[in-house]
Amino acid sequence: MAIDATILGAGIFGLSCAWAMARRGARVRVIDPNGVASGASGGIVGALAPHVPEQWNAKKAFQLDSLLMSEAWWAEVAAAGGGDPGYARTGRLQPISDAAAEALAADRAEGARHLWRGAATWQVEPAPEAWSPGTPRVIRDTLSARIHPARACDALERALDAQGAEIVSTGPTSGAVLHATGWQGLGTLSDAQGRTAGVGVKGQAVLLDLDRRDRPQLFVDGLHVVPHADGTTAVGSTTERDFDDAGTDARLDALLVGARAAVPDLAHAGVLQRWAGIRPRARSRAPLLGAWPGRPEHFIANGGFKIGFGMAPKVAEVMADLILEGHDRIPEAFSTAGLAPWSGAD
């Protein structure tokens with residue numbers, strides 16, 4: 001059977017793009033020597049949270065579209081293969097520290113009314129008595145959602161299998177080739193163009209034995225606290241540009257101490273899992289999408305960094321548009337068009 005598209009990398013961007021193409025009838029092969037979600041996509045946090053509704057730009061608009069399409073998109077994945085990605089649009093609470101912060105939050109609420117097109121709200125309200133970020137008043141947004149990253153990738157794997165796609169550890173490439181190869185792929189791309197396309201940034205997170213499955217996620221002191229559907233709660237993550245290895249260390253211990261101080265409900269929850277991974281951060285901090293300049297029939301989808309799962313549904317659909325139909329809907333801010341032509345390095 002002839003293959004229409006080969007996807008290199010079985011993380012969230014690779015699997016999502018494979019699914020978007022397979023559901024349109026393309027014959028797809030995914031190749032990853034380490035298996036599905038073996039890198040940063042096999043994580044535990046899964047906060048699908050929007051950027052603040054102000055200073056609007058193409059990145060924020062793209063993310064909004066992707067977050068709004070996520071519920072139906074993930075439901076289709078679940079129905080196709082029977083896997084459960086753990087998706088739910090449960091919202092998010094953030095603390096308001098003082099009068100100035102409340103005034104800023106009120107301004108952003110007005111921005112959300114205009115920019116979010118009535119599809120979700122950003123509002124100031126009294127903090128709930130339980131499961132609170134620790135201040136009398138909070139911001140509640142109804143756009144934020146949760147997903148379980150590793151289980152979402154498993155759900156995509158199941159859906160692809162049901163669609164007849166191949167997922168293999170090794171094999172030939174044929175048809176269009178999509179490079180969704182994470183932080184190592186950004187290194188390869190940097191070498192090819194002779195300047196930095198992106199880097200790997202380490203993150204650490206912890207999974208706790210605490211069931212708050214119907215509560216909103218919290219964002220406090222720079223940390224995401226995400227209750228999952230399986231009765232666990234994830235807390236993360238660190239942001240480490242400099243690191244010696246990919247494992248967990250004392251920074252995760254400090255993260256947990258800080259989270260327990262900020263959210264009293266976490267104080268006595270047992271630790272189920274300690275996790276660390278290296279996330280791909282493109283130079284612009286936005287995803288890097290499009291054709292690989294000077295390398296016909298090769299494409300790039302990389303740089304998800306902290307927002308990869310939230311961006312994945314729309315990333316997948318615009319990459320399928322480009323690869324299968326030649327229709328380029330990629331925002332200029334994300335485009336690979338500014339990259340140097342390929343030097344021949346692999």
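1. A search of the whole structure, which is a predicted model, finds zero disulfides. Two cysteines show why. The sulfur of Cys17 has its closest cysteine sulfur in Cys153, at 12 Å, which is too far for a bond. The view from Cys153 leads back to Cys17: that sulfur is the closest one, at 12 Å, again too far. A disulfide would need the two sulfur atoms within 2.5 Å.

2. Where these cysteines sit. Cys17 is buried, with a relative accessible area of 1%. Cys153 is buried as well, at 0% relative accessibility.

3. The largest core. The largest nonpolar core holds 63 residues, and those with the most contacts inside it are Met21, Val28, Trp74, Leu289 and Met319. The element that gives the most to this core is helix α7, residues 308-325, with 10 residues. There is also a second, separate core of 19 residues, and Leu93, Val206, Val235 and Leu266 are included in it.

4. Val28. Which residues does Val28 contact, leaving aside its neighbours within four places in sequence? They are Ile3, Ala5, Ile7, Ala18, Met21, Ala22, Ala165 and Glu166. One of these, Met21, is also listed among the residues with the most contacts inside the largest core.

5. The sheet. Six strands form an open sheet, and reading across it the order is β8-β2-β1-β9-β16-β15, with mixed pairing. The edges are taken by β8 (166-168) and β15 (288-291); each has a single partner strand, so one side of each is left without a neighbour in the sheet. On average, neighbouring strands of this sheet are turned by 20° against each other, direction ignored. As background, strands of a sheet pair through backbone hydrogen bonds, either parallel or antiparallel.

6. Strand β9, residues 176-179, pairs with β16 in the parallel sense, over three bridges. Leu178 has Phe299 in β16 as its bridge partner.

7. Ile300. Strand β16 covers residues 298-302 and contains Ile300. Is Ile300 buried or exposed? At 3% relative accessibility, Ile300 counts as buried. Not counting residues up to four places away in sequence, Ile300 touches Leu178, His179, Leu189, Leu288, Leu289, Gly290, Trp292, Met319, Thr336 and Leu339. Two of those, Leu289 and Met319, are named among the residues with the most contacts inside the largest core. For a sense of distance, Ile300 and Leu156 are 144 residues apart along the chain, and their C-alpha atoms are separated by 20 Å.

8. How many salt bridges does a search of the whole structure find? The search gives 23 salt bridges. In one of them the side chains of Asp4 and Arg27 meet, at 3.0 Å from N to O. This pair links distant parts of the chain, 23 residues apart: Asp4 is in the segment before β1 (5-8), and Arg27 is in the loop between α1 (12-22) and β2 (28-31). Asp4 is partly exposed, with a relative accessible area of 29%, and Arg27 is partly exposed too, at 35%.

9. A second example. Asp65 forms a salt bridge with Arg117, and the closest N and O atoms are 3.2 Å apart. Asp65 lies in helix α2 (residues 58-81), while Arg117 lies in the loop between α3 (99-115) and β5 (122-126), so the pair ties together parts that are 52 residues apart in sequence. Asp65 is partly exposed, with a relative accessible area of 24%, whereas Arg117 counts as exposed at 54% relative accessibility.

10. A third example. Arg212 and Asp265 form a salt bridge in which the closest N and O atoms are 3.3 Å apart. Here too distant parts of the chain are linked: Arg212 is in the loop between β10 (198-209) and β11 (217-220), and Asp265 is in the loop between α6 (250-262) and β14 (270-282), 53 residues apart. Arg212 counts as partly exposed at 23% relative accessibility, and Asp265 is partly exposed at 28%.

11. A network. Salt bridges also link residues into a network, made up of Arg23, Arg24, Glu76, Glu317, Asp321, Glu325 and Arg329.

Note on methods: Residues numbered from 1 in each chain as written. Predicted model: local features only at pLDDT ≥ 70, side-chain atom pairs only at ≥ 80, totals over all residues. Heavy atoms only, no water. Core = buried A, V, L, I, M, F, W, Y, C linked by side-chain atoms within 4.5 Å. Buried < 20%, exposed > 50% of the residue type's maximum accessible area, 1.4 Å probe, protein only. Helix = DSSP H or I, 4+ residues; strand = E, 2+ residues; numbered from the N terminus. Contact = heavy atoms within 4.5 Å. Pairing = 2+ DSSP bridges. Axes fitted to C-alpha atoms, helices over the stretch in contact; angles between N-to-C directions. Salt bridge = Lys/Arg side-chain N within 4 Å of Asp/Glu carboxyl O.
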